[in-house]
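Please read the following report alongside the sequence and the three-dimensional view, which are shown first.

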Amino acid sequence: MIILPISAVHAGVVAELHSVSFGEDWPEDQVAAMLATPGAFGFIANLEDEPAGFVVCRASGDECELLSIGVIPARRRTGLAQGLWESAITEARRRAAGNLYLEVAEDNLPAISFYTTNGCKNYGSRKSYYRRTAGRVDGLLFRLALDLGDIYKNIYLK
């Protein structure tokens, strides 16, 4: 597994990975615009020289939002999501974010399990936020407190 940082020039790859991972389009121009915004960052995971997963975040002030993370179905349960998660957390800490925020559909049980296993705490919901063919489901809001102690020690004690 190789995890590489991305920028707006990678919008086509991220849009394709999102489509394959979630079965819904995230238009390339929207991905490019989002990746070009201040504070945006992300990573692509390559497995066997092929892009197989991605994570996109946006940091602002002392907060970071995980906008999307996905792994194509054929490469799930290979550790890619964990590697992308850890890369995103490391970068959020490097940017001095004290908290990481994200939301996930209440019917996405594998993602909810992943986030809670990685220390995220549910702090609320957005009612009827996600569309489904059978109706709408809530979006669950999660927060991960990021320990910045070592970063501050490295910056201020040198």
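Predicted model: local features only at pLDDT ≥ 70, side-chain atom pairs only at ≥ 80, totals over all residues.

Residues are numbered from 1 along each chain as its sequence is written, and side-chain values use heavy atoms, with hydrogens and water left out.

Helices (H or I, at least four residues) and strands (E, at least two) are DSSP runs numbered from the N terminus, and two strands pair if DSSP finds at least two bridges between them. Seven strands make up an open sheet with mixed pairing, in the order S1-S2-S3-S4-S5-S7-S6. Strand S1 (2–5) and strand S6 (121–132) stand at the edges with a single partner strand each, so one side of each is left without a neighbour in the sheet. Within the sheet, strand S3 (residues 50–60) and strand S4 (residues 63–71) run antiparallel and are joined by eight bridges, and Cys57 stands opposite Leu66 in S4.

Helix H2 (residues 28–35) lies across strand S2 (40–47), S3 and S4, and runs at about 45° to S3. H4 lies across S4, strand S5 (99–105) and S7, and runs at about 160° to S5.

Rings of Phe, Tyr and Trp (its six-membered ring) pair if their centres lie within 6.5 Å, and planes under 30 degrees apart count as stacked, over 60 as edge-to-face and the rest as tilted.

| Pair | Centre to centre | Angle between planes |
|---|---|---|
| Trp85 and Tyr115 | 5.7 Å | 45° |
| Tyr115 and Phe142 | 6.4 Å | 45° |

Trp85 lies in helix H3 (residues 80–94) and Tyr115 in helix H4 (residues 109–117), so their pair ties together parts that are 30 residues apart in sequence. The second pair also links distant parts of the chain, with Tyr115 in helix H4 and Phe142 in strand S7 (residues 135–145), 27 residues apart. Buried means under 20% relative accessible area, exposed over 50% and partly exposed in between (1.4 Å probe, protein chains only); Trp85 is buried at 3%, Tyr115 is buried at 6%, and Phe142 is buried as well. Trp85, Phe114, Tyr115 and Phe142 form one aromatic cluster.

Conventions: Contact = heavy atoms within 4.5 Å. Axes fitted to C-alpha atoms, helices over the stretch in contact; angles between N-to-C directions.
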